[in-house]
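Biologist: I'd like to learn how to read salt bridges in a model. Can you walk me through it?

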Amino acid sequence: MRLTLFLCLIFATPLAAQAPDKTSPLLSYFEAGIICPPPSVGEVAAPGTVAGTTHLIEEEPPFVAQSRRVPAVLGIGFGVKSTTGGLLGIPDVTIMVTHPPMGADNTVRQTFLSRIDSMEPSLTFYQFDYDYELVQGVWQIEASKNGEILYRTTFEVVAPDQVPGLAQVCGFEHLLS
């Protein structure tokens, strides 16, 4: 019995990372992948996160890969670009990122507010800024408004040597942990 449970746990993690995306009919565009984040131009308070802030950026970076396997490398980002068909966009969207335990409090869920625009893609991403964030396993990003899920997608954060090309794609290989 223990061996069966052990094998189920081993094989369940990669399968969970392959879960299909869930998207609402309110979205007109959805794309997920890995980015090389541009420099931050400021921060916004995000009390539902371990760091307490989120980055502000001026330039929207392209996805360098549409992979869902993300190397655990400082500086790498991963997330979603989306738009809505409504003319006014969707303000006050709750973003929830779930992941393996991290930080001193073993946090497994972080939340912050964002928006989804109607004309230009809105980018919501998670960027590895601190060593404590480099936890390997299944990560999920979900956007919701008033309890309705707008999208949910899953990534798998892995050791850099499992995806060596991606580990070096942003030029942060000197930061490999």
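Modeller: Let's start with the ground rules and then go pair by pair. This is a predicted model, where local features need pLDDT of at least 70 and side-chain atom pairs count only at pLDDT 80 or more, while totals for chains, interfaces and linings use all residues. Residues are numbered from 1 along each chain as its sequence is written, and side-chain values use heavy atoms, with hydrogens and water left out.

Biologist: What is the pattern of the protein chain along the sequence?

Modeller: Helices (H or I, at least four residues) and strands (E, at least two) are DSSP runs, numbered from the N terminus. Here the pattern reads α-β-β-β-β-β-β-β-β-β-β-β-β-α, with two helices and 12 strands.

Biologist: How many salt bridges does a search of the whole structure find?

Modeller: A salt bridge is a side-chain nitrogen of Lys or Arg within 4 Å of a carboxyl oxygen of Asp or Glu. The search finds five. One of them pairs K81 with E60, with closest N and O atoms 3.0 Å apart. K81 sits in strand β7 (residues 77–84) and E60 in the loop between β4 (53–56) and β5 (63–65), 21 residues apart.

Biologist: Is K81 buried or exposed?

Modeller: Buried means under 20% relative accessible area, exposed over 50%, partly exposed in between (1.4 Å probe, protein chains only). K81 has 7%, so K81 is buried, whereas E60, at 38%, is partly exposed.

Biologist: Which residue forms a salt bridge with R152?

Modeller: That's E142, with closest N and O atoms 2.8 Å apart. R152 lies in strand β12 and E142 in strand β11 (residues 137–145), so the pair ties together parts 10 residues apart in sequence.
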